[in-house]
Amino acid sequence: MFELLGIPPQALFGQLLLGLINGSFYAILSLGLAIIFGLLNIINFTHGAQYMMGAFVAWMLLNYLGVPYWGALLIAPVVVGATGIVLERLLISRLYHLDHLYGLLLTFGLALVITGLFRNYYGISGLPYGIPAQLSGGQNLGFMFLPNYRGWVVIASLVVCISTWFIIEKTKLGAYLRAATENPTMVGAFGINVPRLITLTYGFGVGLAAFAGVLAAPIYSVNPNMGADLIIVVFAVVVIGGMGSILGSIVTGFGLGLIEGLTRVFYPEGSAVVIFVIMAIVLLVKPAGLFGRTA
Amino acid sequence: MSVATESGSTNLAAAQDTHTVGMPTHHKVIFVALLVAGLVAPYLLYPVFVMKVLCFALFACAFNLLLGFGGLLSFGHAAYFGSAAYVSAHAAKIWGFTPELAIVSGTICAAVLGLVFGSLAIRRQGIYFAMVTLAFAQMVFFFSLQAPFTGGEDGIQSVPRGALFGLIDMYPDRNLYFVVLAIVFFGLLAIYRIIHSPFGQVLKGIRDNEARMTSLGYRVNRYKLAVFVLSATLAGLAGATKAIVFQLASLTDVYWTMSGEVVLMTLLGGMGTVFGPIVGAAIIVSLQNYLATFGDWVTITQGVIFVIAVMLFREGIVGVIAKWIRKPL
């Protein structure tokens with residue numbers, strides 16, 4: 001057995017893979033936050049709860065209706081996205097004329113309600129969700145053992161992130177979206193239904209969070225608290241990357257996941273706070289964030 | 001000589017006139033009423049419960065100083081409240097400090113932490129400011145989870161209440177109660193003084209129009225940092241006192257739910273009002289006590305109150321009353 005800096009390669013690559021997986025979730029969630037913030041000008045505090053809902057809907061589909069993983073991967077984001085659209089129409093849309101901070105407070109309250117309800121009915125011990133049969137087992141890559149499901153999570157997240165980037169940067173719908181982010185009044189004057197665009201954008205961002213939740217379900221147990229701490233880390237990721245650029249969110253998400261994984265190998269005690277420390281350094285050096293536009 | 005004294009005394013009279021404008025009569029009445037209520041309360045209610053309300057009232061007022069008057073939404077005030085609680089508990093239990101010294105050391109810790117985090121956080125505005133403060137608070141939470149002296153999941157338990165100045169035994173609830181009342185009342189008056197000082201006026205100017213204050217030549221960031229540190233310090237005073245009252249400092253004190261609770265108290269009572277956060281704190285603490293046996297329904301109820309407060313009455317309870325009687329409260 002050869003060793004790298006005194007660390008067995010199995011442990012090193014294992015942690016890097018775990019970092020990459022966490023990074024996938026950071027990337028998808030911060031991407032959703034950035035898209036929502038771009039158009040709605042609110043920080044969606046409910047994002048963590050909606051990620052959790054994605055995992056729970058997948059669990060419910062399997063246990064109550066017998067819908068397997070692959071179905072859940074499509075259905076759960078649509079279902080959770082639809083609940084997001086209802087929330088946006090009923091509550092969030094009434095706050096657009098106010099200070100952005102009220103949006104943050106409202107979505108924080110909603111997150112408390114949703115998390116509390118799930119805790120009340122399902123407890124906090126966590127529910128198991130099996131890995132789909134097609135993706136069980138793993139590959140021996142020589143230097144490490146790669147569980148198939150974990151490889152799938154990284155690939156699926158990359159595909160989703162890049163598709164989202166493609167939709168926003170390269171399609172007509174994305175052009176409307178970017179234009180509405182810059183100047184909603186002008187886009188409205190051109191005959192685009194901006195309020196509907198806003199609603200759909202919120203639903204899409206929420207759907208992304210739910211998709212991440214379904215991906216996470218077989219790795220972590222399905223737990224009402226699974227989104228609560230994650231969302232705060234994602235906030236730090238968003239501060240580090242800045243919300244100006246889609247690709248920036250993706251790169252920052254995966255990069256920070258890897259750094260976290262490396263920290264877990266070399267200095268385990270620091271792994272929980274390393275992202276916050278990086279945030280402090282970024283604030284000192286480049287307050288607008290790595291990919292942020294200076295307002 | 002006599003002429004000089006005479007002109008001096010008229011100046012003094014004029015000065016006194018402007019000072020009566022400074023503290024309106026109805027504010028004086030409310031302060032006296034609060035003091036009377038505070039003195040009577042331990043004979044009518046369970047003293048530990050009232051002390052909890054007092055500590056959270058100070059915490060919420062300190063938070064409101066930052067949000068309501070500085071216009072800065074910190075989503076991480078648990079960091080200052082909780083770290084002060086830990087330091088105060090550690091000082092009293094391990095170092096054998098008397099309670100007043102333990103509380104002072106906790107408060108100093110919160111002030112230093114506020115200075116460090118504040119100077120970083122004020123580099124971003126609005127929503128980013130909220131996220132940055134929340135992230136720093138989470139960092140303090142993880143630190144508290146792992147640090148050797150915090151006792152991890154157990155927290156620091158059975159903290160001695162000790163004897164005030166080494167003389168007065170603090171174990172009887174009534175003895176401790178009046179000390180806590182004095183601390184909290186001092187804190188409230190300090191906040192009132194800050195709000196109504198020239199410094200407070202500049203703060204309100206920054207809150208309402210930061211660009212204008214910059215163009216008027218104010219170093220806006222210094223004012224923001226100053227109010228951040230003041231708010232963190234007073235939040236720390238509340239946390240340090242709480243640790244002595246409950247003889248406990250735990251992870252709950254530094255968790256983000258605590259930051260959310262103080263936002264809720266301020267929002268419900270009325271942000272930007274002097275007395276609102278006290279009302280908000282009393283309501284939320286009573287609610288927690290009442291619903292304690294229902295587990296998760298505390299969280300759900302708090303969430304629902306959040307939503308209702310944001311959607312329907314953003315001025316808060318005291319803000320609505322102030323509108324009715326057309327006087328600032």
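Two residues are in contact if their C-beta atoms, placed from the backbone, lie within 7 Å. By that rule, the contact between the chains takes 33 residues from chain A and 34 residues from chain B. On chain B, the elements giving two or more residues to the side that touches chain A are α6 (126-146), α11 (256-269) and α13 (297-311); helices here are DSSP runs (H or I, at least four residues), numbered from the N terminus. The most comes from α6(B), with 14 residues. This side of chain B divides into 23 nonpolar, seven polar and four charged residues. Ala, Val, Leu, Ile, Met, Phe, Trp, Tyr, Cys and Pro count as nonpolar, Asp, Glu, Lys and Arg as charged, and the others, Gly among them, as polar.

The model is predicted: local features need pLDDT of at least 70, side-chain atom pairs count only at pLDDT 80 or more, and totals for chains, interfaces and linings use all residues. Residues are numbered from 1 along each chain as its sequence is written, and chains are lettered from A and ligands numbered from 1 in the order in which they are written.

pLDDT is the predictor's confidence in each residue, from 0 to 100. Chain B averages 88, and 93% of the residues score at least 70.

Over residues 1-20 of chain B, pLDDT stays under 50, and the model has zero contacts beyond four places in sequence for them. For the complex, the predictor gives an ipTM of 0.86 and a pTM of 0.88.
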